[in-house]
Amino acid sequence: MGYDIERFVGYVNEGLLCSICRDVLEDPLQAPCEHAFCTACIHGWLVHHSNCPEDRQVIDVSLLRPLYRYMKNDLNRLQLHCRNREYGCEMVCSLESIDRHERECEYSQIPCSNAGCTVQIERRNLDGHLAVCEYRSRECPNGCGYTILSAEDTQHNCVAELRTELELLRSEMICRVEEAKHEMESRLDSQRRHMVQKESILQNEIEELKSQMSRMMSDVRSLMAAERQHRQELEQAELEKRELMELLKGLQKDCRLTTTEGSRKSNFRPLTRIESVKRKPREVTVI
């Protein structure tokens, strides 16, 4: 529905009136035939019809477009009275700003905010009404702290209310303690499982290190044994070298002292000694 034409000050152009409700356009839309309507009016019309209410041309919701800009500007410049004029508001403002004013108008009728109260009161008088509203909430005059929400609550039993409140607090505290206990147990259990898992991993690593150390010690012992054997073989070779050198020196001495014939006879002896040395087995270990 549009704005009541009686609220407007001065002349309103016929083109700014809804073709259905004949009031001033509210949230307007325009058909291809250039007739304008309130959004609510034309949507309601098209539920039961499929043509323009003015010239009967076929239209559809998808064909509706916003109002031309110049028409929208003319519409926004129209001056009208506040809808709370009957309650005393004398404000006259443009159509463009009327909604903002009416949302904040001191003469607007608003409901009391207290639960159970059905009074409609002007915005400017709301504070005064809330101070005396029989449904207003207030604390018990006896000092128990109970919030009185209605006239019947003034006869409440302070001791019973305090006991109830105490029981509620106690129950809430017990629940919180239980929740904290369960949470701590869960955390401790999780940490315990983590520590056991960590201990198992460390134990496996220690066993692996021990195994590696054992293999290393075995390798070291093998190397030391091979080193000792190699040293012995070197000593044996050195001994044989000295023997050969002594034999060579003896041969040279025999060659100088004997004659050619004697040297032939003597040659047989050292050669025999040399061959006997050659035949001597020698063990060599390669590392």
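The model is predicted. Helix H2 spans residues 69-77 and has Met-71, Leu-75 and Asn-76 as buried residues. A search of the whole structure turns up one aromatic pair, formed by Tyr-68 and Tyr-70. Gln-30 lies in strand S1 and is in contact with Tyr-68 and Met-71, among others.

**Helix H2**
- Met-71, Leu-75 and Asn-76 are the residues buried in H2.
- Viewed down the axis of H2, the buried residues fall within an arc of 135 degrees, so they line one face of the helix.
- These buried residues pack against strand S1 (28-30), strand S5 (92-94) and helix H3 (95-104).
- Exposed residues Arg-69, Tyr-70 and Arg-77 sit on the face of H2 turned away from its buried side.

**Aromatic pair**
- The rings of Tyr-68 and Tyr-70 are stacked, with 6.1 Å centre to centre and 15 degrees between the planes.
- Tyr-68 is partly exposed because its relative accessibility is 37%, whereas Tyr-70 counts as exposed at 53%.

**Gln-30**
- Gln-30 counts as buried because its relative accessibility is 4%, under the 20% cut-off.
- The Gln-30 side chain reaches the backbone oxygen of Glu-34 at 3.2 Å.
- Leaving aside residues up to four places away in sequence, Gln-30 touches His-35, Ala-36, Leu-63, Leu-64, Arg-65, Pro-66, Leu-67, Tyr-68 and Met-71.

Conventions
Residues numbered from 1 in each chain as written. Predicted model: local features only at pLDDT ≥ 70, side-chain atom pairs only at ≥ 80, totals over all residues. Heavy atoms only, no water. Buried < 20%, exposed > 50% of the residue type's maximum accessible area, 1.4 Å probe, protein only. Helix = DSSP H or I, 4+ residues; strand = E, 2+ residues; numbered from the N terminus. Arc of directions from axis to C-beta. Contact = heavy atoms within 4.5 Å. Phe/Tyr/Trp six-rings, centres within 6.5 Å; stacked < 30°, edge-to-face > 60°. Polar contact = N/O pair within 3.5 Å; in protein donor to acceptor, adjacent residues only side chain to side chain.
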